[in-house]
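Subject: Structure handover

Hello,

Please find the structure below. My notes on what turned up follow it.

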Amino acid sequence: MAQLWGGRFTKQTDAAVKAFNDSIGFDKRLYRQDIRGSMIHARMLGRQGILSEEDCRAIEEGLTGILSDIESGKLEITSEYEDIHSFVEANLIDRIGDAGKRLHTGRSRNDQVALDMRLYTRDAADGIRRQILHLLETILEIMEANTETFMPGFTHLQKAQPTTLAHHLGAYFEMLRRDYTRISDCRVRMNECPLGAGALAGTTYPLDREYVAKELGFDCATRNSMDSVSDRDYLLEFLSDLSILMMHLSRFSEELIIWNSNEYRFVEMDDAFSTGSSIMPQKKNPDICELVRGKVGRVYGDLMSLLTAMKGLPLAYNKDMQEDKEPAFDAIDTASACIPLFAEMLRTIRFNKKAMEISAMRGFTNATDAADYLVGRGVPFRDAHGIIGRLVLHCIDQGKAIEELSLDELRTFSDRFDEDVFEAISLRTCVNRRLTAGAPGEKAMEKEIAASRSWLEAQA
C-alpha cells in the first residue's frame, strides 16, 4: 500500500504524474511530527470510545516502533510512498494489521499535514530563537568589553560623529532582539491545533479537539475548520520574520566586510573563519560574511514563492499548498545554518581599537562638538556651523585633524576659541557628554548594557 486512496479509480496513476504529485522526497522530514500527532489522535479516539483500548494500544506500540526504527536507520523512508502520511500508515498496517487501518478515523490528510507543519514550524521557531539568544550573548559580551573603544559613526558611509564599538554593536543587538520578539509573537499565533478540522468541514465523530491541542502543547484548537486546513499565514509570517532577521545579518556582514578591508583595518577575521585565494597568496577573505549576505536572497525568494503560491487560492485546501514545504524548509535550513556560524565568527574577530580611534580622529567626527563649543560661548549655531565648515576645509588642506591645530590657528577662525577647546573636542569628551538614553556615553551605555543583560537572562 503506497497511497491512501484509489477506490474510485480504474487506472494506475501515470508514473510521471505520480513523480510530479508525490511529496515524500521533501516531507519525509516531518516523520516525527506525523507520528507524534498520530499517537495523540489515537489516544483521543480511545478516550472518546471511538476506538477500542486494544486498537489504541496496538497503534501506539506500532507507531513507537516505527519511530524507533526510523531513528536507528533500520527503517528507510522510500520513494514508493506518496507522502510521509502514507509511509507511516502503510508501515503501521503492515505491523499491526486492521487496527492500523482505523488510525485515520475522524481526520483527513488536510488537517494532518496542517498539524505536521505547525508542529515542525513551532519546533523550528524555538530552535532559531535559541540561536538568536546565543548570538545576542556574543554581541553583548563584546559590548561589555568595548564601552571605551572609540570609532567613527557613519552616515552615507562617511564619517559623521564619534561613537564606541559598544554603541555600534548595540544597534545590532536591538535589531536581533526585535527578531527574537517577532518570532516569539509569531509562535503565539501559530500555536493553535488544526487537527480535527477534517478535510474542511469537521467530522461527525465526537472528537475532543481541545484534548489533542493540550497534549500536543498548543494553546487551543483552531476555530474554523475551513481556515484550519487552508491557513498558511503562520508560515508566511515566519518566513517574513526570517527574511528580516537575515537582512539584519546581511547588514552586519556588510559592515564587517568593509571593516575587514585594507582601507579600514578595523577588524581581522580569525583564520578558522576565513579563506584564501588560489592565485593571490596574500588574500584572506571574509567568506562567511559574504555567504551570509548572499544567502539572504534565498530566504527572500522562499517568502516570495509562498506568497505567490497562496495569492489566488479559493477555500479550502488546494494541492498548490503542497508548495509550502520546500520554501519553508529551505528558509529554516538557511537561517539555522547562518546564525550560529555568524555568532562563532563574530566571537573570534579581533577588533583593531587603535585603527578605529585614529579613523575617528582623522574623520572630523568631532566637528559637531566643535560647533557646540562655540555655541556655548555665545555664537549662534548657524554661524558656528559655518565657522567649523571653513575650519574643516583648512584642516583638509593642511592634512591635519581639528585637535592638531594650534590655538592661534583656531583663533584665526573665531576669537571664541580658548585652551579648553582641546578637551571639549577630544573623542572621550565628545562621546561621554552624550548621556541621553540610547546614546554612546559611558554612563548611558552602562545602563543600556545592564538592561540588555537583564533582558537576556530573563529569556533563559
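The largest nonpolar core has 103 residues. Within this core, F238, L242 and L256 have the most contacts. Helix 7, residues 109-144, is the element that gives the most, with 15 residues. Keep in mind that this is a predicted model.

Leaving out residues up to four places away in sequence, L242 touches I128, I183, V299, A331, I332 and A335. There is also a second, separate core. This one has 21 residues, including A367, L374, L405 and I425. As background, nonpolar side chains in soluble globular proteins tend to be buried together.

- L315 and A316 are joined by a cis peptide bond, with omega at about 5°. A316 sits in the loop between helix 12 (287-310) and helix 13 (325-348).
- H156 is not a glycine, yet its phi is positive, at about 55°. The loop that holds H156 runs between strand 1 (150-155) and strand 2 (158-164). Is H156 buried or exposed? H156 counts as exposed because its relative accessibility is 74%, and the cut-off for exposed is over 50%.
- R265 is another residue other than glycine with a positive phi, near 55°. Its place is the loop between helix 11 (233-259) and strand 5 (267-268). With 48% relative accessibility, R265 counts as partly exposed.

Now the pockets.

The largest pocket has a volume of about 380 Å³. Its lining has 14 residues. Which of them lie nearest the centre? They are N260, S261, N262, R265 and K284.

Strand 2 gives the most, with four. The classes here are five nonpolar, seven polar and two charged.

Best wishes

Conventions:
Residues are numbered from 1 along each chain as its sequence is written. This is a predicted model: local features need pLDDT of at least 70, side-chain atom pairs count only at pLDDT 80 or more; totals for chains, interfaces and linings use all residues. Side-chain values use heavy atoms; hydrogens and water are left out. A nonpolar core is a set of buried Ala, Val, Leu, Ile, Met, Phe, Trp, Tyr and Cys residues joined through side-chain atoms within 4.5 Å. Buried means under 20% relative accessible area, exposed over 50%, partly exposed in between (1.4 Å probe, protein chains only). Helices (H or I, at least four residues) and strands (E, at least two) are DSSP runs, numbered from the N terminus. Contact means heavy atoms within 4.5 Å. On a 1 Å grid over the protein atoms alone, a cavity is a set of points where a 1.4 Å probe fits but cannot get out, and a pocket is an open set with protein on both sides within 12 Å along at least five of seven lines; lining residues have an atom within 4 Å of a point. Grid points are joined across faces, edges and corners, and a volume is the space filled by probe spheres set on the points. Ala, Val, Leu, Ile, Met, Phe, Trp, Tyr, Cys and Pro count as nonpolar, Asp, Glu, Lys and Arg as charged, and the others, Gly among them, as polar.
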